Amino acid sequence: MNRSRWMYGDRTDSAFQKGVAEFVSVALEHRRVSDDPMIFCPCRDCSNVKRWTDIHMIEDHLYRRGFRPDYET
Ligand SMILES: [Zn+2]
């Protein structure tokens, strides 16, 4: 057996996607229980300071910009 492993779509990438998916589900759940339509955006630019009502916009920010460097789940 001499097959190399196909590592594209690497760990960082899938970990990142998982992070985004987790953030989205936590944020939506939080919004449901808190009854607050605004969600803090943890992307690099918004840095958990700006808030948006559209979760897809936040998702888009995260895919374009990434989480702010000190973001913790
Ligand atoms: Zn943002």
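Two aromatic rings, taken from Phe, Tyr or Trp (its six-membered ring), form a pair if their centres lie within 6.5 Å; planes under 30 degrees apart count as stacked, over 60 as edge-to-face and the rest as tilted. By that rule, this structure holds four aromatic pairs. Please keep in mind that the model is predicted: local features need pLDDT of at least 70, side-chain atom pairs count only at pLDDT 80 or more, and totals for chains, interfaces and linings use all residues. Residues are numbered from 1 along each chain as its sequence is written, and side-chain values use heavy atoms, leaving out hydrogens and water.

**Aromatic rings**

- Ring pairs join F16, F23, Y63, F67 and Y71 into a cluster.
- F16 and F67 are an edge-to-face pair, because their ring centres are 5.9 Å apart and their planes stand at 75 degrees.
- F16 sits in helix α1 and F67 in the segment after α2, so this pair ties together parts 51 residues apart in sequence. (Helices, H or I of at least four residues, and strands, E of at least two, are DSSP runs numbered from the N terminus.)
- F67 is buried at 15% relative accessible area, while F16 is partly exposed at 22%. (Buried means under 20% relative accessible area, exposed over 50%, and partly exposed in between, with a 1.4 Å probe and protein chains only.)
- F23 and Y71 also pair edge-to-face, with centres 6.3 Å apart and planes at 75 degrees.
- That pair links distant parts of the chain, since F23 is in helix α1 and Y71 in the segment after α2, 48 residues apart.
- F23 is buried at 10% relative accessibility, whereas Y71 is partly exposed at 21%.

**The nonpolar core**

- In soluble globular proteins, nonpolar side chains tend to be buried together.
- Here, the largest nonpolar core has twelve residues, including V20, F23, I39, C41, I58 and F67. (Such a core is a set of buried Ala, Val, Leu, Ile, Met, Phe, Trp, Tyr and Cys residues joined through side-chain atoms within 4.5 Å.)
- Helix α1 gives the most to this core, four residues.
- Leaving aside residues up to four places away in sequence, F23 touches I39, F40, P42, I55, I58, L62, F67 and Y71. (Contact means heavy atoms within 4.5 Å.)
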